[in-house]
Amino acid sequence: MKLFDAFSRQAPNKVFFSILLGALSGICYALLIPIVLSAISEDPASVVEYESTVRTVLSYDVSDYKVATLFLIVCVFILVTRTLSQVILTRVSIDLSTEMRIGFYKRIMAASTDVLEKMGSAKLLATITTDVGRIVSGARMLPDVLINSVTIIGLLGFLIYLNINVFWFVIGAITFGVITYQLPILLSNAYLSHSRKKVDDLLEAINGLIYGNKELKLNDVKSRIYLDEVLTKNEHDVRDAEKTGNTITRAAANYGDMISFFVIGIVTFIFINYESMSSDELVGVVMALLYITGPVSIVINSIPQIIVSRVSLNKVNKIFQEIPPENINHDVFPLEDWQEIRFSQVGYQYPERDGLEGFKIGPIDFTIEKGQITFIVGGNGSGKSTLSKLLTLHHQPSSGTISFGNTVVDSHSIKSVRQSISSIYSDYYLFNRLLTENGESEEALKIQQDEIDVYLKELGLDDKVTIKNGEFSTISLSDGQKRRLALLVAFLEDKEFYLFDEWAADQDPIFKEFFYYHILPQLKAKGKAVVAISHDDRYFDVADKILVMESGSLIDCITEREIIDERTKTRNIVSTKKVAAQT
Ligand SMILES: Nc1ncnc2c1ncn2[C@@H]1O[C@H](COP(=O)(O)OP(=O)(O)OP(=O)(O)O)[C@@H](O)[C@H]1O
């Protein structure tokens, strides 16, 4: 059983110990009935020797003292072994779920950006939150299934001892019950997994409700249609599938519970007419069957959950395969000094989607120099951001080579080269803390704190955020302020190559100017290679080089100072005229 394999791999010794305890507990459980029967039966062939002595314990009369003592010992033993078995396996299951999730985090970190972008966050989140949980709940049933299975086996053994024909009859009845029970369960699983798919759609719709809330508020028709045709429809789909699935499951579970009673009825009212049995034997059989009812229904009713667990385990394994780790060297080594980033005949293409060919870049040749500011410009969809992800080594070229100085970026060097890059993308993510290594000296921390305070002031954030022990006091800031905080983080990283994708787009005019005329030149003066993707043609004069993109091709690379100044001047005149015309 795959589920059990996963467990055994997690903690083989603990699992073995838990199985052993579970088995012992199951055996003792099965022993209770023969012990009780021995006490009430006068049959000389009883399991325990009958003794009619009465002893007084704590002022109470106890008959069959020896049997009673054995009964008590077995009960205590069951209590201890059963609890230990369950606790051990439950702990292993909790460890397993933690390990699984951490494994997921590591795999996501090691996967390439291309693969993650293709898969999308919703699928990954659903797997981490839903499937891992299901595996654990299924796995938590394993100790009970084990204990009860052993109990069933023990009681079946007792039935063999009582009457072999009854044993075969009971085996046949249980097999029939288990098989017929599976049919409704399969049907209900189909409904429940349909409802699970619908939950994905519903979650997407709820996202729309929360994030599209402002748009919906401004348009009553839109919000009514969204409520009726999207949210309510999805809710009803989930509700209907769940109702049907759960109705079938409940009916099947009750059928599972009643199987043993059907068997008791058939043995008592029908079987007895065809098989000669003493009344002691019949009492024994009925007691064993009554006793077996609980374990049988526990085992039968856990089958669906264990099946769901296995399905989830397969899903998790499948997703793991779909996000393979990047096939690269994961050791980081110091890079040889470099002065320029060189793109030689670099080409890249997004994968085909819905039968449409993926957007293509290149082949492209250019260089980015340290101590220079390079702008990448071009119309919407011309490929600037795609090019930026090639520059920051998140996309790997399908043709050509990228080199940082003498270091060619390949599977051996890519991770090391990435360490010299800092970027703020247009869809950047701001963590709520600086992720710097602890253990620095107090003096170093003080210098860093001073540096932070200077940057906070410079970026106009000193009255908005404080950073203590690396944690931001808040990230509930305006879009522009958040982006400035991201800039502070990038500064502190002190990398050799900085890339900004439309950083200034949502800054006010003062900070826009501050970015282009102060921050970028400051980085340039520090000898950093600086690339800014920008539509702000007013500031193109800051650039030492302008790369112009169109439809995935580099159509111009302007390096001449006069041309840049000239173009900037012309664009400024055009912009001023446009503004004048509009006003
Ligand atoms: N993750 C992706 N998967 C597939 N295709 C993509 C992906 N991201 C972008 N594209 C395609 O690549 C093309 C270029 O997109 P890109 O974001 O590079 O343009 P851009 O020049 O940065 O545009 P903008 O100025 O609007 O930001 C687009 O036509 C888009 O359809």
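The ligand is surrounded by E117, Y350, G358, F359, G378, N380, G381, S382, G383, K384, S385 and T386 (C-beta atoms, placed from the backbone, within 6 Å of the ligand). This is a predicted model: local features need pLDDT of at least 70, side-chain atom pairs count only at pLDDT 80 or more, and totals for chains, interfaces and linings use all residues. Residues are numbered from 1 along each chain as its sequence is written.

**Ligand shell**
- By class, the shell holds two nonpolar, eight polar and two charged residues; Asp, Glu, Lys and Arg count as charged, Ala, Val, Leu, Ile, Met, Phe, Trp, Tyr, Cys and Pro as nonpolar, and the others, Gly among them, as polar.
- Helix α11 supplies the largest share, three residues (helices are DSSP runs of H or I, at least four residues, and strands runs of E, at least two, numbered from the N terminus).

**Antiparallel sheet**
- An open sheet of four strands has the order β4-β3-β6-β7, with antiparallel pairing (at least two DSSP bridges between two strands).
- β4 (360-369) and β7 (407-408) are at the edges with a single partner strand each, so one side of each lacks a neighbour in the sheet.
- Seven bridges join β3 (residues 340-349) to β4, and Q349 stands opposite K360 in β4.

**Strand β11**
- In β11 (residues 497-501), five of five residues are buried (20 or more other C-beta atoms within 10 Å of a residue's own, all placed from the backbone).
- F497, L499 and D501 cover one side, Y498 and F500 the other.
- β11 runs parallel to β8 (residues 421-424), with four bridges, and S423 stands opposite L499.
- β11 also pairs in the parallel sense with β12 (residues 529-533) over five bridges, where D501 stands opposite I533.

Terms used
A residue is buried if 20 or more other C-beta atoms lie within 10 Å of its own, exposed if 12 or fewer, and partly exposed in between; C-beta atoms are placed from the backbone.
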